[in-house]
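Subject: Structure handover, aromatic contacts

Hello,

The structure is below for your files. My notes on its aromatic rings follow.

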Amino acid sequence: MADRAQLQNHERTPLLHGSSNNHADENGSDAPPEDDFVHLNAQVKTLRRRRWISLVVSVFLIIAFVVILILSGVLSRARRKPAMASSLCLTPECIHASSEILYNLSPDYKTIDPCTHFDTLVCDGFNDRHDIPQDRASYSTGTIMSENGQTTLRHILESPYPTTSEHSSFSPRNLMKLAVSTDEENFHMIQDAYNSCMNETALQKIGVEPLISLIDKVAKSFPVAENDSGSVGEADYAALSDTILLLEKLGVTSFVGLTAGADDKNPDVVIVQAYPDGISLPSPEYYKDNDTVNTYQAMLGEVFSSLLPTNSSKASAKQLAQSMVDLEKKIAAITPPPEDESDVTKYYNIAKLADVGKIGPAIGLDSVVKALVPKNYTADSLLLAFPEFLGNVSEIISNTPKSTVQSYLVWKVIDAYSSYVEGSEVQPIIRFSNVLSGKDPDTKSERWKTCVSYVDGTLGWILSRFYIEAAFSDEAKKYGDEIIMDIKHQFISKLNGLSWMDDSVKKLAVNKVNNIDQKIGFPTTSPNITNPEALRAYYSGLTVSDSFFNNTLSHANWAVNRTWSALGKPVDHGEWGMQADIVNAYYNPVGNEIVFPAGIMQFPVFQLGLPSYTSYGAFASVAGHELSHAFDNSGRHYDEHGNFTDWWTNNTVQEFDKRASCFVEQYSNFTVEGNNGETLHVNGKLTLGENIADAGGVSAAFAAWKNRTQTTPDQDLPGLDFFTHEQLFFVFYGNWWCGKTRKEQAIQYIYTDPHSPAFARVLGTTANSRAFRESFNCPVKEPTCELW
């Protein structure tokens with residue numbers, strides 16, 4: 001399910017974790033009515049001779065029986081209630097789950113047609129209860145989970161070291177003395193980082209001076225004489241390359257993105273990778289909107305007038321802002337569409353490093369790479385995505401004034417580091433960012449939220465170690481593993497039953513499912529967060545002081561070194577791409593792995609002690625979603641070992657493409673409101689992989705749940721007897737997607753996000769589910785689109 005990863009967020013409060021009872025209370029369900037009937041029989045025997053009362057009772061029973069028959073007939077048509085009665089779960093967990101669903105359901109849920117308006121049925125109550133907070137662009141079930149997790153992290157960071165905790169084998173109480181000492185040092189490290197961020201008095205006193213120091217370095221690296229109006233020439237290429245290198249070492253991307261990662265065609269080998277970048281607005285489409293461009297340009301003018309390095313450049317701030325926007329417009333025009341940038345068949349291109357310098361001479365990417373790689377590593381080639389972009393952007397730079405390029409490079413540093421200083425000079429950036437996502441210009445998050453996120457992004461694995469202590473358990477991990485194994489079995493069964501997939505491909509596909517590495521909760525290698533010494537070694541070289549800005553620079557330097565030091569070593573398949581507290585999950589095709597941080601394994605997506613249709617409807621659908629990514633339009637190109645290779649027959653590819661095109665057409669019909677009342681359509685091509693995964697995930701999860709109930713029947717939840725268990729499976733699925741989004745943020749998602757809007761994920765997925773349509777007795781049982 002990848003948010004931006006975006007598939008992006010957090011977890012659960014101790015309140016939801018409080019009960020240690022993971023099983024239904026045997027005395028918690030309603031008492032059976034047998035005692036009432038015994039009592040009634042005794043009365044009847046006592047009054048046997050009073051025939052007139054017997055007659056009344058008989059008539060009453062007959063009438064009641066007829067009424068029950070009528071009601072059961074009506075309800076069976078509407079609800080398809082199973083013949084076998086279930087016990088009622090009245091544990092605190094079950095009551096909590098029921099109340100949450102009842103609050104989120106539409107008040108008219110009994111009359112709304114689920115076959116056409118399931119999103120309304122499931123989420124209208126949520127929309128009525130929740131306003132989008134001022135500091136957020138959207139608000140959803142996932143946001144609430146994330147906020148709960150942030151609160152947990154805040155409590156960790158603002159509390160003493162948990163000396164007496166004995167939650168697990170790696171709890172402080174159970175660690176050996178030496179390990180406890182290291183564990184406590186790690187704990188103080190995250191507290192020091194948090195406190196440096198929270199000290200707003202010190203930040204305000206220092207102001208923007210640390211940022212100005214970086215700006216001066218950039219300006220000196222790519223100098224421009226006071227009256228020099230000339231364009232970038234060959235004599236400037238070396239200085240530009242050196243400045244791009246300077247930015248890369250600060251963790252700042254400029255015209256082209258650079259990193260080191262697994263080779264798609266050789267997933268055990270780390271290679272250099274370069275990809276298109278260069279624009280500052282969310283997507284190329286924004287540069288076509290005059291209002292946005294004018295606001296952006298005005299913001300740049302304000303910032304440049306106070307932060308550019310010389311008095312002459314400050315005096316020319318407005319002109320430089322305009323020329324920089326013109327530069328970014330040209331870059332936007334040559335930027336590949338996002339659906340191409342995520343398509344391995346289009347971006348995978350291996351080039352010789354010597355040739356890269358010739359393709360884009362103005363940038364000198366070959367020199368930058370040589371300076372970044374380890375001394376004992378020889379870089380002779382790299383993955384150069386869209387080489388034509390590099391050539392075109394080099395040509396654009398060669399025809400751009402040097403003063404504009406210098407301003408652009410300075411802006412990139414300002415944009416990256418402005419949130420780590422306090423001062424009126426950077427306020428225009430905050431206001432513009434807020435407006436861009438639909439928030440009030442002067443909105444500001446509570447400082448503790450900013451600082452919790454900061455620590456999570458810099459020392460996240462140490463923080464994860466203490467999050468696990470507070471919010472996860474061995475039992476939860478075991479249940480998660482069981483669910484995912486159930487999903488794998490059902491997916492294999494589905495593969496074996498496909499008529500359109502050739503047998504040779506089926507066999508390899510089944511091997512791929514069996515070979516998928518499932519990672520649950522938290523990492524135990526790279527780093528092993530249960531081992532204090534391993535955590536300290538992982539963050540070796542990262543220093544934390546009472547200076548917030550210096551801590552940020554230290555982390556940037558540490559992260560850059562860690563990325564590039566991976567070259568020449570085997571790919572570390574023990575690494576995770578998300579901290580344990582994140583409310584998200586992902587599939588990594590090169591590693592053929594599915595990853596579920598503990599943050600997403602929280603209420604209401606996942607919880608022990610509830611009927612299984614709750615966690616299977618939500619979490620198992622997420623698990624199935626991630627597994628389905630292994631066979632979406634991108635994942636299908638990778639074999640069981642994570643190699644990008646052609647392992648499907650032509651016939652199977654054609655059959656897949658035919659079915660995939662149905663999803664493209666279906667989701668392209670969903671729309672959101674754009675600027676000036678225009679209609680924006682979902683990009684069916686950009687969102688194809690996620691839409692395929694949504695449908696496959698629900699299909700596998702429902703089949704896995706039905707198989708489980710054959711041996712482990714579920715209890716009813718109080719107050720939800722209007723729905724069958726099958727229907728509740730989908731109610732809990734839909735509840736996970738309840739949310740609201742500001743119009744401006746929704747527009748941004750349309751242009752940039754590979755996920756469809758939440759309402760479309762509910763309506764599209766349920767329309768593509770035969771099980772849903774049968775459960776709700778919809779007129780049409782055939783799914784609109786179907787692959788897995």
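Rings of Phe, Tyr and Trp (its six-membered ring) pair if their centres lie within 6.5 Å; planes under 30 degrees apart count as stacked, over 60 as edge-to-face and the rest as tilted. Ring pairs of this kind link F118, Y613, F702, W705, F729, F730, F732, F772 and F776 into a cluster.

This is a predicted model, in which local features need pLDDT of at least 70 and side-chain atom pairs count only at pLDDT 80 or more, while totals for chains, interfaces and linings use all residues. Residues are numbered from 1 along each chain as its sequence is written, and side-chain values use heavy atoms, with hydrogens and water left out.

The pairing rule gives 47 aromatic pairs. One of them is Y286 with Y751: the centres are 5.9 Å apart and the planes at 75 degrees, so the pair is edge-to-face. These two residues are 465 residues apart in the chain. Y286 is buried at 7% relative accessibility, whereas Y751 is partly exposed at 22% (buried means under 20% relative accessible area, exposed over 50%, partly exposed in between; 1.4 Å probe, protein chains only).

Y348 and F644 also pair edge-to-face, because their centres are 5.6 Å apart and their planes at 70 degrees. They are 296 residues apart in the chain. Y348 is buried at 16%, and F644 is buried at 14%.

Two arginines sit over rings (CZ of Arg or NZ of Lys within 6 Å of the ring centre and within 35 degrees of the ring normal): R465 over F466, 4.4 Å from the ring centre, and R636 over W648, at 5.0 Å.

Regards

Notes: Helices (H or I, at least four residues) and strands (E, at least two) are DSSP runs, numbered from the N terminus.
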